[in-house]
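Subject: Structure handover

Hello,

Here is the structure you were waiting for. Please open it next to this email and follow along.

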Amino acid sequence: MSRAVWLKADDTVGDWETRKRRITAGLEAGVDWVLVDREDVAKVRELGRVNVAAFAGDDVHVIDDAEPGEEAEPDAVVVGKYGEGDGTVDLPSDFSGSADLTTLRRTEGTSGAYVRVLGPGYEELAQEAARDADYTIVVGEDWNIIPLENLIARIGEETDLVAGVQTAEEARTAFETLELGADAVLLDTDDPDEIRATVDARDATDRESLELTHATVTAVEEVGSADRVCVDTGSLMEHDEGMLVGSMSRGLFFVHAETADSPYVASRPFRVNAGAVHAYVRTPGGETKYLSEVRSGDEVQIVDTNGNTRETIVGRSKIEKRPMFRVQAEVSHDGETDVIETLLQNAETIKVATAEGRKAVTDLEEGDEVLVYYEPVARHFGEAVEESIIEQ
């Protein structure tokens with residue numbers, strides 16, 4: 001499931017200048033949606049590219065069709081403000097008489113429902129709205145997880161459940177509730193740091209956590225020159241981060257980013273000297289790509305020595321002919337031993353993670369234990385497949 005962050009920026013948060021500052025901070029942080037009043041849609045479009053949801057308004061319950069060019073159209077119309085959803089209008093005794101639900105069912109295109117959970121009746125309204133709404137936004141007055149737990153348990157996959165939050169910590173809890181979590185959060189804050197932290201919480205929920213293991217080096221030998229690939233990314237990597245690369249898809253070696261200075265060259269913490277053009281590099285979603293195919297704008301996976309992952313954009317792929325080492329290692333799995341290998345440049349700036357810490361490939365010896373990701377599967381165009389393939 002891919003999570004999302006919505007940012008609340010309607011007239012309840014302040015005047016346009018206040019809303020504009022909030023929206024700008026959201027755009028810079030990378031929010032997915034901005035929720036505004038209908039009259040602000042065009043102004044939001046001028047600020048940057050983002051999905052825009054708009055409240056239906058307080059004077060109509062059925063959305064009037066605007067003539068093309070009259071106003072910017074939102075990506076989603078949200079019903080509930082100044083209606084039953086926010087408590088302005090009393091809940092009907094029978095939901096068949098609900099004005100909000102009637103409006104929702106008549107709304108063309110992408111629709112949403114906004115419900116403040118003021119009591120059990122509002123939970124029921126949210127459940128009813130979820131039958132027709134693409135997005136069901138639920139906001140608790142005194143934030144707690146009980147109404148959210150109820151709704152996660154009762155609402156199926158017919159809608160995206162969006163939980164109202166005011167902090168990144170509340171967002172993290174919403175994403176984790178009942179293990180399934182909300183599909184998205186609606187953040188209500190002006191604090192740019194809190195907005196960024198909420199986006200980080202969103203990203204963290206989508207990241208893989210890999211189980212890395214150690215393999216015993218059985219051979220390190222010079223094999224002449226080959227076309228070597230440096231993957232230069234648009235991100236700065238930390239000292240314990242790098243990429244997973246290897247000649248065999250089932251066993252990828254952890255290669256450190258060039259975060260350390262050396263007597264011969266300055267650090268380049270955006271770079272991983274990843275190996276020869278034939279090798280695989282792991283990409284988001286558990287797929288692989290040949291290093292020769294990596295291009296500017298592609299996504300690759302950054303991994304740290306604990307197996308935590310994140311995505312990054314490739315800024316440049318640099319291929320040059322360089323002298324290489326062949327590194328071979330044995331990894332144990334389910335009581336059996338498998339042999340994996342890769343080609344890495346013969347240079348002291350290329351470092352791998354070992355049981356004793358980072359080590360230059362030029363200092364690597366038989367018996368060293370190197371960090372690898374082992375996954376006994378075959379690959380077809382980068383995707384794992386259940387078939388027998390021999391790599392040697």
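Two strands count as paired if DSSP finds at least two bridges between them. Keep that in mind for the strands below. One caution before the findings: this is a predicted model.

**The antiparallel strands around S16**

Start with strand S9 (residues 213–233) and strand S16 (residues 309–333). They run antiparallel and are joined by 15 bridges.

Glu-299 stands opposite Ile-313 of S16. The S15–S16 hairpin has four residues between its strands, and Gly-307 there takes a positive phi near 90 degrees.

Next comes strand S17 (residues 336–345). Ten bridges join S17 to S16, and the two run antiparallel. Ser-332 sits opposite Thr-337 in S17. This hairpin has two residues between the strands. In its turn, Asp-334 has a positive phi of about 50 degrees.

**The cores**

The largest nonpolar core has 33 residues. Val-231, Leu-291 and Val-370 have the most contacts inside it. Strands that each supply at least two residues include S9, S15, S16, S17 and strand S20 (369–374). S16 gives the largest share, five residues.

Val-370 deserves a click. Leaving aside neighbours within four places in sequence, its contacts include Thr-213, Val-217, Phe-253, Ala-329 and Leu-364. Another core, of 25 residues, lies apart from the largest one. Among its residues are Ala-9, Ala-29, Ala-163 and Ile-195.

**The barrel**

Now look at the parallel strands. Eight of them form a closed barrel, in the order S1-S2-S3-S4-S5-S6-S7-S8. Neighbouring strands of this sheet are turned by 25 degrees against each other on average, direction ignored. S1 and S2 run parallel and are joined by three bridges. Leu-7 stands opposite Val-34 in S2. Helix H7 (residues 192–205) lies across S1 and strand S8 (184–187). H7 runs at about 155 degrees to S1.

**The aromatic rings**

How many aromatic pairs does a search of the whole structure find? The count is five. Trp-6 and Trp-33 make a stacked pair, 4.6 Å centre to centre, with 10 degrees between the planes. This pair links distant parts of the chain. Trp-6 is in strand S1 (residues 4–8), Trp-33 is in strand S2 (residues 33–37), and they are 27 residues apart.

Trp-33 also pairs with Tyr-135, this time edge-to-face: 5.2 Å centre to centre and 65 degrees between the planes. Here too distant parts of the chain are linked, as Tyr-135 is in strand S6 (residues 135–140), 102 residues from Trp-33. Trp-6, Trp-33 and Tyr-135 form one aromatic cluster.

The cut-off for buried is under 20% relative accessible area. Trp-33 is therefore buried, at 8%. Tyr-135 counts as buried because its relative accessibility is 17%.

Best wishes

Terms used
Residues are numbered from 1 along each chain as its sequence is written. This is a predicted model: local features need pLDDT of at least 70, side-chain atom pairs count only at pLDDT 80 or more; totals for chains, interfaces and linings use all residues. Side-chain values use heavy atoms; hydrogens and water are left out. Rings of Phe, Tyr and Trp (its six-membered ring) pair if their centres lie within 6.5 Å; planes under 30 degrees apart count as stacked, over 60 as edge-to-face and the rest as tilted. Buried means under 20% relative accessible area, exposed over 50%, partly exposed in between (1.4 Å probe, protein chains only). A nonpolar core is a set of buried Ala, Val, Leu, Ile, Met, Phe, Trp, Tyr and Cys residues joined through side-chain atoms within 4.5 Å. Contact means heavy atoms within 4.5 Å. Axes are lines fitted to C-alpha atoms, for helices over the stretch in contact, and angles run from 0 to 180 degrees between N-to-C directions.
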